[in-house]
Amino acid sequence: MTPIVKYGTSTLTHGTLGDTTDFEYNGVHRYIHTVTIDNLEPSTVYYYQVGSGNGMSKKIYQFKSFPKGNNFPLKVCAFGDLGYLNGTSIPYLIQAAQRGDFDMIIHIGDIAYDLHTNNGERGDLYMNELEPLFSLSFSKSF
């Protein structure tokens, strides 16, 4: 299962393949998909869709590339130790992302200690709940 990201500035005309890492915990397999997109234009909004040969995501996401050079203001959201069951700050983080309060997120780790619970279903719920924080999605027709 090779991951792919289709992307572009107005249409999804480009595609980049990535790698998948399979890991197992107590007999449950989970996957980390990694795709790197090179040669992006600075200060440009890109639209993208993720998937594999098995199908693409229903949502189209967006991000804005950093400005040219290395001397520009940057608003960073850094957090960690955020569990699924008592993640009371999740709605506030999502609202801040939707308002554009930061340009980048650094998750310092120690996420939900029990992602493996119910054969990994709790981990899936956790990641699905945080999806609006990690990437803003919207409807766009091409």
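This passage describes the overall fold of the protein and then a set of individual residues and their contacts.

The structure is a predicted model, in which local features need pLDDT of at least 70 and side-chain atom pairs count only at pLDDT 80 or more, whereas totals for chains, interfaces and linings use all residues. Residues are numbered from 1 along each chain as its sequence is written, and side-chain values use heavy atoms, with hydrogens and water left out.

The protein has two helices and ten strands, where helices (H or I, at least four residues) and strands (E, at least two) are DSSP runs numbered from the N terminus. Read from the N terminus on, these elements follow the order β-β-β-β-β-β-β-β-α-β-α-β. Taken along the principal axes, the C-alpha atoms fill a box of roughly 45 × 35 × 30 Å. Of the 142 residues, 27% count as buried, a class defined as under 20% relative accessible area, with exposed meaning over 50% and partly exposed lying in between (1.4 Å probe, protein chains only). The accessible surface comes to about 9600 Å², of which 49% belongs to carbon and sulfur atoms; accessible areas come from the Shrake-Rupley method with a 1.4 Å probe, and for residues only the protein chains shown count as cover. Among contacts (heavy atoms within 4.5 Å) between residues at least 6 apart in sequence, 60% join residues at least 24 apart.

An unreviewed UniProt entry lists residues 2–64 as "domain: Purple acid phosphatase N-terminal"; the UniProt positions are given in the numbering used here, feature names are shortened, and annotations may be inferred rather than shown by experiment. This span is 0% helix and 60% strand, and its end C-alpha atoms lie 25 Å apart.

Within strand S7 (residues 60–64) is found Tyr 61, which counts as buried at 7% relative accessibility. The side chain of Tyr 61 makes a polar contact with the side chain of Glu 131 at 2.2 Å; a polar contact is a pair of N or O atoms within 3.5 Å, for which, within protein, one atom must be able to donate a hydrogen and the other to accept it, and residues adjacent in sequence count only if both atoms are side-chain atoms. The C-alpha atoms of Tyr 61 and Ser 135 are separated by 6.5 Å, although these residues are 74 residues apart along the chain.

Glu 131 also takes part in a salt bridge with Lys 59, the closest N and O atoms being 3.9 Å apart. This pair links distant parts of the chain, with Glu 131 in helix H2 (residues 121–134) and Lys 59, 72 residues apart from it, in the loop between strand S6 (55–56) and S7. Both partners are partly exposed, Glu 131 at 22% relative accessibility and Lys 59 with a relative accessible area of 39%. A search of the whole structure finds two salt bridges, each a side-chain nitrogen of Lys or Arg within 4 Å of a carboxyl oxygen of Asp or Glu. In the pair formed by Arg 99 and Asp 101, the N to O distance is 2.6 Å; Arg 99 counts as exposed at 55%, and Asp 101 as partly exposed at 34%.

Asp 103 is found in the loop between helix H1 (90–99) and strand S9 (104–107) and is partly exposed, with a relative accessible area of 43%. Apart from its neighbours within four places in sequence, Asp 103 is in contact with Pro 73, Leu 74 and Lys 75. Leu 74 lies in the loop between S7 and strand S8 (76–79) and is partly exposed at 38%. Together with Phe 66, Val 76, Ile 106 and Ile 108, Leu 74 forms a nonpolar patch on the surface, with about 440 Å² of accessible area; patches are made of residues with over 30% relative accessible area and no salt bridge, like charges being joined within 9 Å and nonpolar side chains (Val, Leu, Ile, Met, Phe, Trp, Tyr) within 5 Å.

The loop between strand S4 (28–34) and strand S5 (45–52) holds Thr 44, which counts as buried at 17% relative accessibility. The side chain of Thr 44 reaches the backbone oxygen of Glu 41 at 3.4 Å. Asn 39 lies in the loop between S4 and S5 and has a positive phi of about 60° although it is not a glycine.
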